[in-house]
Amino acid sequence: MKNNYRFLTLMIAIIISAIVLIFQIVSHNETEKVYVSQIEDVALELKKDFLKDTVNNMISQIERLRASKQTVYQLNTNKRLERLSTLAENMSETDFVELYQQEFQVSEDHLWTAYLFDHKTDTLVFSTESGGQVMSKEEIESA
């Protein structure tokens with residue numbers, strides 16, 4: 001009988017150990033799934049943050065470049081206006097129109113859009129957009 005109790009006790013101990021071992025393995029697998037899921041989420045968030053920061057940096061660089069180009073173009077325009085105003089004081093109207101047309105000839109790069117308007121006759125004397133043709137005020141407003 002003693003052998004039966006020992007055998008029964010040994011079998012119960014083995015069964016309990018096996019059940020504990022199975023719970024440990026299942027628990028470990030579930031914990032691993034949770035950690036893998038969390039790591040994937042964190043990696044995805046890091047990628048999103050990195051991409052967002054990269055896009056924001058690019059936008060900032062573009063805005064700074066645009067502002068600096070605008071400043072350069074404004075300075076260029078102001079210097080050109082000052083020079084043309086000084087020349088206009090010492091020239092006749094026809095000579096100034098010819099100088100203006102030479103200054104703003106239609107070029108390949110289309111950096112400038114220039115207009116020369118005669119307020120006395122309400123006509124556009126020169127425009128880089130009209131290809132150098134004289135346009136009336138009505139034609140300008142309808143275009």
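Predicted model: local features only at pLDDT ≥ 70, side-chain atom pairs only at ≥ 80, totals over all residues.
Begin by selecting Leu84, Phe96, Val97, Leu99, Tyr100, Phe104, Ala114, Leu116, Val125 and Phe126, the ten residues of the largest nonpolar core, a term for buried Ala, Val, Leu, Ile, Met, Phe, Trp, Tyr and Cys residues joined through side-chain atoms within 4.5 Å. Buried means under 20% relative accessible area, exposed over 50%, and partly exposed in between, with a 1.4 Å probe and protein chains only. Helix H2 (93-103) and strand S2 (123-127) are the elements that give two or more residues to this core, and H2 gives the most, with four; helices (H or I, at least four residues) and strands (E, at least two) are DSSP runs numbered from the N terminus.

Residues are numbered from 1 along each chain as its sequence is written, and side-chain values use heavy atoms, leaving out hydrogens and water. Colour by confidence next: the mean is lowest in strand S3 (residues 135-136), at 54, and highest in H1, at 93.

Now move to Lys33 and Glu30, both in helix H1 and three residues apart, whose side chains meet in a salt bridge (3.6 Å, N to O), that is, a side-chain nitrogen of Lys or Arg within 4 Å of a carboxyl oxygen of Asp or Glu. Lys33 is exposed, at 53% relative accessible area, whereas Glu30 is partly exposed, at 44%. Finish with Lys48 and Glu45, which also meet in a salt bridge (3.9 Å, N to O).

Definitions and conventions: pLDDT = per-residue confidence, 0-100.
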